[in-house]
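Welcome! Have a look at it first, and then read on.

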Amino acid sequence: MEWSDEGTIIGVRRHGENAVILEVMTRDHGRHLGLVRGGRSSKQQPVLQPGNLVSLNWRARLDEHLGEYKVELLTSHAARLMAQPVALYGLANVAGLLRLLPERDPHPGLYEGLSVLLAHLDEIAIAPALMVRFELAMLSELGYGLSLERCAVTGLREDLTHVSPKSGKAVSRKAAEPYLDRLLALPPFLSEGQGARRPAPAEIAAGFALTGFFLRRDLYEPRGLQEPPERARLLELAARIHG
């Protein structure tokens, strides 16, 4: 068995004296692991860093085997990302999210979203909002997507201000008024789409609170997992800088 692809490195762990097991989010083969012989060498270590975009050739005798990678660097993001704490925490949070995906299950849309996120992960002005959108995409890919396009009560698309924690559907301002203590805030930057307006700090906080609720309830807790601690640090850093 053999294939070639490109992907972003999300994890590296030692294997034996000089090899590593490389974890990559690939374009066409999903989250995929493979052995890299000599991966701890001085030549390979700068290439095999989380965040880097690499070209991969994977080979194994049988499809279910771990297999071996041959790796070439396409774009080095690691040095740029390591220079910014927001990027380091963001990258760790992303890796934790991607590990919720079944291994070797392709998610091309999520891969494209990851590429956009990594390109801006060291930019504190926009990285938190992009992270919220990526978390929403993760929920959708795993079958727990939120419906934020129209009000679940009236069907209207305007003035959407809240989300039902039960259904994950948006609620308009007027329909939400009797139930404000039971609903989650929907920050305007999510209901407005992909516009260029920079979200206010309170919107960022509301966005993370929204995605965090559904990530914990639908993904982490059913698996007996804790939310990555780097996510809380990312929130703290974003609040301190934006505040």
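## Before we start

Two strands are said to pair if DSSP finds at least two bridges between them. Helices (H or I, at least four residues) and strands (E, at least two) are DSSP runs, numbered from the N terminus.

This is a predicted model, in which local features need pLDDT of at least 70 and side-chain atom pairs count only at pLDDT 80 or more, while totals for chains, interfaces and linings use all residues. Residues are numbered from 1 along each chain as its sequence is written, and side-chain values use heavy atoms, with hydrogens and water left out.

Let us begin with an open sheet of 3 strands, whose order is 7-6-8 and whose pairing is antiparallel. Strand 7 (170–172) and strand 8 (184–185) each have a single partner strand and stand at the edges, so one side of each lacks a neighbour in the sheet. Strand 6 (residues 160–163) pairs with strand 7 in the antiparallel sense over 3 bridges. One of the bridge partners to look for is alanine 170 in strand 7, which goes with valine 163.

Aspartate 159 is partly exposed, with a relative accessible area of 43%; buried means under 20%, exposed over 50%, and partly exposed in between (1.4 Å probe, protein chains only).

Strand 2 (residues 19–26) is mostly covered, as 8 of its 8 residues are buried. Ala19, Ile21, Glu23 and Met25 point one way, Val20, Leu22, Val24 and Thr26 point the other way, and all are buried.

Strand 2 pairs with strand 1 (residues 2–15) in the antiparallel sense over 8 bridges, and histidine 15 has alanine 19 of strand 2 as its bridge partner. These two strands form a hairpin with 3 residues between them, and glycine 16 in the turn has a positive phi of about 70 degrees. Strand 2 also pairs with strand 3 (residues 30–36), in the antiparallel sense over 7 bridges. There, glycine 34 in strand 3 is the bridge partner of leucine 22, and a hairpin through 3 residues joins strand 2 to strand 3.

## Two helices side by side

How do helix 3 and helix 4 run relative to each other? The axes of helix 3 (residues 108–120) and helix 4 (residues 127–141) come within 10 Å and cross at roughly 165 degrees. Axes are lines fitted to C-alpha atoms, for helices over the stretch in contact, and angles run from 0 to 180 degrees between N-to-C directions. The two helices are therefore roughly antiparallel to each other, a term for angles over 145 degrees.

Residues of helix 3 that meet helix 4 include Leu110, Gly113 and Leu114, while those on the helix 4 side include Ala127, Leu130 and Met131.

## A buried threonine

Threonine 211 is found in helix 7 (residues 201–220). Is threonine 211 buried or exposed? It is buried, with a relative accessible area of 0%.

The side chain of threonine 211 makes a polar contact with that of glutamate 135, at 2.6 Å. A polar contact is a pair of N or O atoms within 3.5 Å; within protein, one must be able to donate a hydrogen and the other to accept it, and residues adjacent in sequence count only if both atoms are side-chain atoms.

Key:
Angles under 35 degrees count as roughly parallel, over 145 as roughly antiparallel, 65 to 115 as roughly perpendicular and the rest as oblique. Contact means heavy atoms within 4.5 Å.
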